[in-house]
Each structure stands twice: as structure tokens, then as C-alpha cells.
Amino acid sequence: MFSGIIDIDRTSKLGLAEQIYRQIRLAVRDGRLVEGQKLPSSRTLAKNLGVSRNTINQAYDLLKSELILTVRSGAVASIASRQPLSGPIHESTETQPIGGSLSERGVRASEDPRRDLRVHQGGILQSGVPALDLFPRDAWARSLRRSSRLLTEDDVFYTNIGGLPRFRSQLADYLSKARGVKATAEQILVTTSTQASLSLLSQCLADPGDDVFVEDPGYPGARVAFNAHRLALHTLDIDPEGALLPDRASKLDPRLIYLTPSHQFPMGYCMSLSRRLAFIDYARDKCAFILEDDYDSEFLVADHPIASLQGLASGSEVIYLGTFAKTMLPGIRVAYMVVPKDLSAPLSQAIRNTGVMASVPIQAALADFMESGQYYTHLRKTRSIYDSRGKALASELNRQLGNRIQIVVPFGGVQLVVKFALDRDDISIAQTLQKAGVGVSALSLTYLGDGAPGLIIGYSQADEGQISTGVQEICKVLK
């Protein structure tokens, strides 16, 4: 009865029931089996094919779930479809492309300008990563356990799209004391990462073709977000006082201005107070938003750190961005932004619509970690150790390389920049060092155009021995 319809292949990766289901479905689609045609009983078909009866029943169940078969009480199964089925039948386990290539926005979103900056195999002196050996595992585990027991129904469903209230309250209090940020808990929106925040703000605050200013050199991740949403990038040069103010006579009308004023990435400069005030005034005149990325301010050790741009602004010119990727771990996946009051509700809904809501249990644990004081203990410890490691690295570089390099001396943070005295190919130098287990990055890759050659060197994870070893490897390559 089923000659030429079912052919069992016992070497296939597909299970026997899946093979039978697919071949019957294909026969219905092609019209080889028609409406009302009866199928063999599961016992009969199992005997004919040399398989178990359960295998046939599984295949028939799949066909019944798609309304291809119908079974009446006391009768065998019969074909229920009134017309040949449409749609693809995948006979192969290979993934097939659907719908052609990426859209223009998809191409932009999938571009990776950080590819050459990223150190794929890790290594010592890698930039931008916290010290795993300093992470307070036991204290964090206690916060996870305590907070998970106290979660309510409102917490774990979709009531608090913008973030867990007690976590936002903790953040508001901390940011007010540590960074002079002026915000209520409702103005703080929690996301999965600063990258997610930048993408969301690019989408919600600007339209394709709008102008955006970025620092040069600067953070490639911000450029990824702006480029993906088809914004027009314009550069701001950098000097030891931070980003240079745009020419007021320019006809450019920026919608967004991206800045890292407290610790410019990657150079490490701190923007002067006069320039901060000038940027706020410029943004107000242009009706633009300043996106202030305060990515590692927790580790700055200046005697009197300048207050955040957001805290200095009198209006809603500045949106403040922060993250726990440096103070805790990147895998925790929690960041936040402080937005103007009138944007809090629509941006909260945008967070829901785009699916960038951060994990509620992790937010609850962070709130507990902050309430218990463990977070601040962890910050004080890591800030002191990072500062010592940064100074040790700078001293060792100067001792071994002398006038071959120029160091931007750090005043905290997790990395420093070394410029070459001579014109060298910093990309090939960085690649050579990475192969030797030294995870430095090329400075020139942080420029939109041609940039000064040098290296970005991390020290947060480096002990004394790793600093010595890493600098020796750098010396070998540069000499």
C-alpha cells in the first residue's frame, strides 16, 4: 500500500519516527496521498517497515498535530487534508538560508569594527576587563541567595520594565553621592549593557541621517550603535582637556553628542570644568542630547573628581550612562542610564519593545549587595589595587622603554595608553604581542581616520610578575 512512499534510512541522523512523519507529509503535499485515503494501522505499518509500534504512533501523532491525519473512534487513520500542503519540507539537517541576504540595517548592525581590537585568546595586560581574582564570590553568592527568596510576583513579571524599584533607589542614592548625578529612581532605566543603551537611544532620539558627534579617538562600540541606525558620524578631536568643542559656526545640527568626559576612552584624559560647561551650553543651543558614558569612574583616584556632566547641567541636556561590567563582571549583564523625567515612560516602553530588560534576579542581588555595603567594600579594595598596578605598569614601561614611548599617566581606571615615539605599525605589533600571550590592542584602531600609533594596555588583572613579563615582551617587539 505504501510502496514508494516511505523509505527508512537507518544511517540517517534523523530518528525513525521523524523520517516516517516527513515522508508521509511530503506525499500529502505532492498529492500522492489524498483526502480520505486510509493509512495502515500502526501495528501493520510497524511490521512492514521493521520498526516498533511506538515509532509509528509517534509519527502519526506528529501528523495529527498538524491536522494531516484524522482518527475516528474504532477506525484507522486517514488523510484529512483537503488539498496538497504548501511550504517547504526539510529533508536535510543542514541549515538553509531563508529570505536571501541581510537588509541594509542588518549589514550595518552586524559590522564589527572592534574585531581587530578584540583579543580572542585573552592574555596578560588585556584592556577593559576587571580582575577576576578580586571578585568577591562568597559575598555575591550570599546576596544572590538572600535576594532570590524575597522576589515577589510584581518583581518577576512585567510590572517594572525600567528596573527593579529598590535597585533603582540604591543607584540614585549612590550616583548622587559619588558622581553628583541629579536623579530620582524613576529616571534611572536599567538595561543589559551600555551597548544596548546606546542602541536604544540612537533609535529613539535620532532619525536616519541625523548628525552625531563622537570623540576621535574614541569608543568603537558607540560608533557601532550610531552606524547601525544610519546616523551621520562627525568627529571631535581630543587634547589633554578632553574633547574639543565643535565649531559654533558650523552648519552641522547634531542630535546626539557622545562623550567620555571623566576618563576619555582611550586616552585617559579628564575633561576640564570650563569645557564641560561649554559642551552643556552648546548642547542647549543646538537642542541636542549629550550621552555621557561614565564607564569606569568608580576607579578614578583624583583628589577632587569633577562632578558628572549630568550633575552640572541645569536642564535635560545630558543622559548619563553607567555599567556594572567593570565594577563587577561583564557577564552580569546590567547597565543603566539616567534620562530626563519626560523620557522615562516612553524609553521604558522601548526597553520592553526591544527586549533589553536586564535580569530581575540579578538586579535584586545587586540591590542587596549595595544595601549590605559589600559593593562599596569591593570598590575601595579594587580601586586601591588597580591604582597600584597602573603606577607599577607605567613605571616599568618607562624604565625599560624610556624615550621610545610616551605614556599617558593614568589617574585610575583599568588601562593606559602608550604612544610610539617613531611611526610604527601598531596593528602588526599588537597582533605579534597577542600571539605571545600579551593581550594589548592597537591605538590607531580607535580612530575613525588615520590615528597615532600606540598600544592600549590593561593592568587591572596584572600582578607584579605579569607586568614584568608583559613589558619584556613589548620591549622585544619594539626593539
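Is Asp 387 buried or exposed? At 16% relative accessibility, Asp 387 counts as buried, a value that, like the others in this report, comes from a predicted model.

## Salt bridges

Asp 387 forms a salt bridge with Lys 391, in which the closest N and O atoms are 3.2 Å apart. Because the two residues lie four positions apart in helix 14 (residues 374–401), about one helical turn separates Asp 387 from Lys 391. In contrast to the buried Asp 387, Lys 391 is exposed, with a relative accessible area of 52%. Elsewhere, salt bridges with shared partners bring Arg 248, Asp 281, Arg 284, Asp 285 and Glu 317 together in one network.

A salt bridge also joins the side chains of Arg 166 and Asp 155, with an N to O distance of 3.6 Å. This pair links distant parts of the chain, since Arg 166 belongs to helix 7 and Asp 155 to helix 6, the two residues being 11 apart. Asp 155 counts as buried at 8% relative accessibility, whereas Arg 166, at 31%, counts as partly exposed. In the salt bridge between Arg 32 and Asp 30, the closest N and O atoms are 3.6 Å apart; here Arg 32 is partly exposed, with a relative accessible area of 39%, and Asp 30 is partly exposed as well, with 42%. A search of the whole structure finds 19 salt bridges.

## A nonpolar surface patch

Val 156, Phe 157 and Tyr 158 make a nonpolar surface patch of about 330 Å². Tyr 158 is placed in the loop that runs between helix 6 (153–156) and helix 7 (165–179), and, with a relative accessibility of 51%, Tyr 158 counts as exposed.

Four strands form an open sheet with antiparallel pairing, in the order 11-12-14-13. Strand 11 (405–408) and strand 13 (441–442) stand at the edges, and because each has a single partner strand, one side of each is left without a neighbour in the sheet. Strand 11 is joined to strand 12 (residues 415–420) by four bridges, the two strands running antiparallel, and Val 408 stands opposite Val 417 in strand 12.

## Gln 466 and its surroundings

Gln 466 is part of helix 16 (residues 464–478) and, at 27% relative accessibility, counts as partly exposed. When residues up to four places away in sequence are not counted, Gln 466 touches Ile 124, Leu 125 and Gln 461. Leu 347 is 119 residues from Gln 466 in sequence, and the C-alpha to C-alpha distance between them is 44 Å.

Definitions and conventions
Residues are numbered from 1 along each chain as its sequence is written. This is a predicted model: local features need pLDDT of at least 70, side-chain atom pairs count only at pLDDT 80 or more; totals for chains, interfaces and linings use all residues. Side-chain values use heavy atoms; hydrogens and water are left out. Patches are made of residues with over 30% relative accessible area and no salt bridge: like charges are joined within 9 Å, nonpolar side chains (Val, Leu, Ile, Met, Phe, Trp, Tyr) within 5 Å. Accessible areas come from the Shrake-Rupley method with a 1.4 Å probe; for residues, only the protein chains shown count as cover. A salt bridge is a side-chain nitrogen of Lys or Arg within 4 Å of a carboxyl oxygen of Asp or Glu. Buried means under 20% relative accessible area, exposed over 50%, partly exposed in between (1.4 Å probe, protein chains only). Contact means heavy atoms within 4.5 Å. Two strands pair if DSSP finds at least two bridges between them.
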